[in-house]
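Welcome! Let us take a short tour of this structure together, one topic at a time.

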Amino acid sequence: MPRLAPESEESRHAQSAALIDLHTHTTASDGRCTPAELVARAAAAGVTVLSVTDHDTVAGYQAAAAAAATAGVELVPGIEITAVVEGADVHVLGYFIDVHAPRLLAFLAEQRRRRIDRVREIIDRLAAHGVVLDSDAILQPGIDDPGIAIGRPWIARALVAGGHVADGNQAFDRWLGRGRPAFVPRQGMMPKDVVARIHEARGIASLAHPGLVGHDEWLPALVADGLDALEAYHSNHDSRATGHYLSMAARLGLCVTGGSDYHADASHGSGGPGSVSLPRDAYEKLVRLKADTTADRPRSA
């Protein structure tokens, strides 16, 4: 058997510098980049593995896949689905999903319909407080293209454009956040139902930014409901939080995921694609988990 040449220093450096970003958003939900623009920015930043995880939609996947193929970037089919626990949003990331799974697509369509209803109610509440926005301009993109997931960030941008607030953060602090005058509680499914939909689509499920969720006591129940991984690496996690969730993942027998949560929007932070990167060994564990646990899962009917 021929002997393999030793790995060069340049090769080792290239592998260590390669970035893996499994949490990004496009104009299909609340990001500001089109799928092609996102892939271009990610590739320029050195991202070699990317997942587009738009909220409650996979509408950006095909365009992202075409751009990724051209750029030489590995694209992981992904999504971020909003569940509700005790009135609080809980975001569940899905990876390696079948983006054509009929039951998943039907479920996501219902999620987006609820989003439109909620946005309408928020606009009405703002009007009742004397803040009148062009509801058609906000809602029409989601009506014209049912694959687009609209939400509160769209209202925040309208508030900024109308001169009602200085920026998106102020829009949430003054009007849109929990307990503020225009806040409308979300209607949605429990995390166990969201995890089940991801599994039906032959994907693996990870709890997004658990440090923002702020309810570590929920984790054992989520694991019992089938959660596969925990997003330990996130732009809102400092080193202490990252270490905490790495330890929790190990204790609970979960894989870990990570990414920048890039939106190209200052209200979501200034970091670019790849500014938070999942270590290669953690990504390889996800790939093995996908192979080990989804081979026997029946395809969504």
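## Cysteines

A search of the whole structure turns up 0 disulfides, a disulfide being a pair of cysteine sulfur atoms within 2.5 Å. C33 is buried at a relative accessible area of 2%, and C255 also counts as buried, at 16%. Here buried means under 20% relative accessible area, exposed over 50%, and partly exposed in between, with a 1.4 Å probe and protein chains only.

## About the model

This is a predicted model, in which local features need pLDDT of at least 70 and side-chain atom pairs count only at pLDDT 80 or more, while totals for chains, interfaces and linings use all residues. Residues are numbered from 1 along each chain as its sequence is written, and side-chain values use heavy atoms, leaving out hydrogens and water.

## The sheet

Now for the strands. Strands (E, at least two residues) and helices (H or I, at least four) are DSSP runs numbered from the N terminus, and two strands pair if DSSP finds at least two bridges between them.

Strand β6 (residues 229–234) runs parallel to β7, and 5 bridges join them. For L230, the bridge partner in β7 is V256.

## A buried threonine

T257 sits in strand β7. Is T257 buried or exposed? With 0% relative accessibility, T257 counts as buried. Beyond its neighbours within four places in sequence, T257 is in contact with residues including L93, Y95, S206, L278 and L286; contact means heavy atoms within 4.5 Å.

Next, look at helix α6 (residues 152–161) and helix α7 (residues 168–176), whose axes come within 9 Å and cross at roughly 105°. That makes α6 roughly perpendicular to α7. Angles of 65 to 115 degrees count as roughly perpendicular, under 35 as roughly parallel, over 145 as roughly antiparallel, and the rest as oblique. Axes are lines fitted to C-alpha atoms, for helices over the stretch in contact, and angles run from 0 to 180 degrees between N-to-C directions.

On the α6 side, R152, P153, I155, A156, L159 and V160 take part, meeting G168, A171, F172, W175 and L176 of α7.
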